[in-house]
Amino acid sequence: MAGTEHLTVRREGATLVLTLNRPEAKNALSLPMLVGLYDGWLQADADDTVRSIVLTGAGGAFCAGMDLKALAGRGMAGEHYRDRLKADPDLHWKAMLRHHRPRKPVIAAVEGHCVAGGTEILQGTDIRVAGESATFGLFEVRRALFPIGGSTVRLQRQIPRTHALEMLLTGRPYSAREAAGIGLVGHVVPDGTALARALEIAERINACGPLAVEAVKASVYETAEMTETDGLAAELDRGRPVFETADAKEGARAFAEKRPPVYRRA
């Protein structure tokens with residue numbers, strides 16, 4: 001299975017679990033981590049047996065953002081991956097879900113620090129679970145930097161603008177409960193259990209028709225900025241073909257026969 005020294009990949013049933021694995025640096029972004037992340041997104045979408053993705057971090061942290069030592073010119077681990085960046089200068093933005101959206105649902109399981117670039121990656125995920133002691137925030141302005149991972153665009157579309165602007169302009173930390181209160185995360189659970197809850201949610205998704213799940217996700221994002229009239233028309237274009245699939249017929253039969261459905265992506 002793919003992965004790098006800073007990004008581990010494992011299967012949990014029909015779920016692909018990607019783990020940011022640089023705990024000594026609170027999983028600050030490195031070149032090996034970015035390469036591993038992008039490869040993980042591609043792997044999930046290329047494998048029809050994968051129905052969901054869980055993104056989490058090792059060592060009690062999610063991601064502390066960019067490696068500021070590297071930004072200051074002190075080198076970055078994984079220089080041997082430079083050829084990947086040369087071949088695809090957009091790779092880091094794809095890894096951070098700024099310029100790439102996986103077809104499969106992505107569930108974030110957050111413990112500890114999820115700040116700066118961590119909060120920016122979070123905005124590219126679909127469902128979010130946080131441990132009670134998790135910390136969120138966009139600290140860039142405190143360091144005279146700009147949150148260029150998409151936050152000035154996405155955050156105001158995901159939470160009320162007044163909260164988005166406060167988070168962006170003050171650079172202050174937010175607790176998990178506060179993040180849930182403004183809608184940045186959907187679940188707050190006891191510390192150490194975020195991954196287990198994320199996997200529970202993934203299992204519920206995995207039990208559904210995969211073609212329907214992918215079409216629903218695509219429709220939600222596709223129609224987000226459309227007028228209601230255009231969005232409803234686009235929804236029909238996405239939704240109608242799903243009713244013609246073998247999986248849809250299997251779902252109806254299973255319901256009638258009172259048995260679990262067996263979906264085959266057909």
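How much of the accessible surface of the chain belongs to carbon and sulfur atoms? The surface comes to about 12900 Å², and 56% of it is carbon and sulfur. Keep in mind that this is a predicted model.

Overall dimensions next. The chain has 266 residues and a radius of gyration of 19 Å. A compact globule of that length would have a value near 18 Å, so the chain agrees with the globule rule. Along the principal axes, the C-alpha atoms fill a box of roughly 60 × 40 × 40 Å. Of the 266 residues, 48% count as buried.

Now contacts and charges. Residues 24 or more positions apart account for 67% of them. There are 34 positive and 33 negative charges, and their mean positions are 1 Å apart.

On to secondary structure. The chain has 12 helices and 9 strands. I will go through several of the strands.

Start with β3, residues 52-57. How many of its residues are buried? The count is 6 of 6. Look at the two faces. S52, V54 and T56 point one way. I53, L55 and G57 point the other way. Residues on both faces are buried. The partner to look at is β2, residues 15-20. β2 and β3 pair in the parallel sense, over 6 bridges.

Next, β6, residues 127-131. This strand is mostly covered too, with 4 of its 5 residues buried. I have two pairings to show for β6. One is with β4, residues 106-110: parallel, 4 bridges. There, A108 stands opposite R128 in β6. The other is with β9, residues 187-189: parallel again, 3 bridges. Here the pair to pick out is A130, opposite V188 in β9.

What is the strand order in the open sheet of 3 strands? The order is β5-β7-β8, and the pairing is mixed. β5, at 113-115, and β8, at 174-175, stand at the edges. Each has a single partner strand, so one side of each is left without a neighbour in the sheet.

Last topic: backbone torsions. Most residues other than glycine have a negative phi. Two residues here are worth a look.

One is L97. Its phi is near 65 degrees, a positive value in a residue other than glycine. L97 lies in the loop between α4, residues 91-95, and β4. Is L97 buried or exposed? Its relative accessibility is 0%, so L97 counts as buried. The cut-off for buried is under 20%.

The other is A144. Its phi is near 60 degrees, again positive, again not glycine. A144 lies in the loop between β7 and α6, residues 151-158. Why does A144 count as exposed? Because its relative accessibility is 71%, and exposed means over 50%.

L97 has a positive phi and is buried. A144 has a positive phi and is exposed.

To recap the strands. β2 and β3 pair in parallel. β6 pairs in parallel with β4 and with β9. The open sheet runs β5-β7-β8. That is my tour.

Notes
Residues are numbered from 1 along each chain as its sequence is written. This is a predicted model: local features need pLDDT of at least 70, side-chain atom pairs count only at pLDDT 80 or more; totals for chains, interfaces and linings use all residues. Side-chain values use heavy atoms; hydrogens and water are left out. The radius of gyration is taken over C-alpha atoms; the globule rule is 2.2 Å times the number of residues to the power 0.38. Buried means under 20% relative accessible area, exposed over 50%, partly exposed in between (1.4 Å probe, protein chains only). Contact means heavy atoms within 4.5 Å. Accessible areas come from the Shrake-Rupley method with a 1.4 Å probe; for residues, only the protein chains shown count as cover. Lys and Arg count as positive and Asp and Glu as negative; His and the chain ends are not counted. The place of a charge is taken as NZ of Lys, CZ of Arg, CG of Asp or CD of Glu. Two strands pair if DSSP finds at least two bridges between them.
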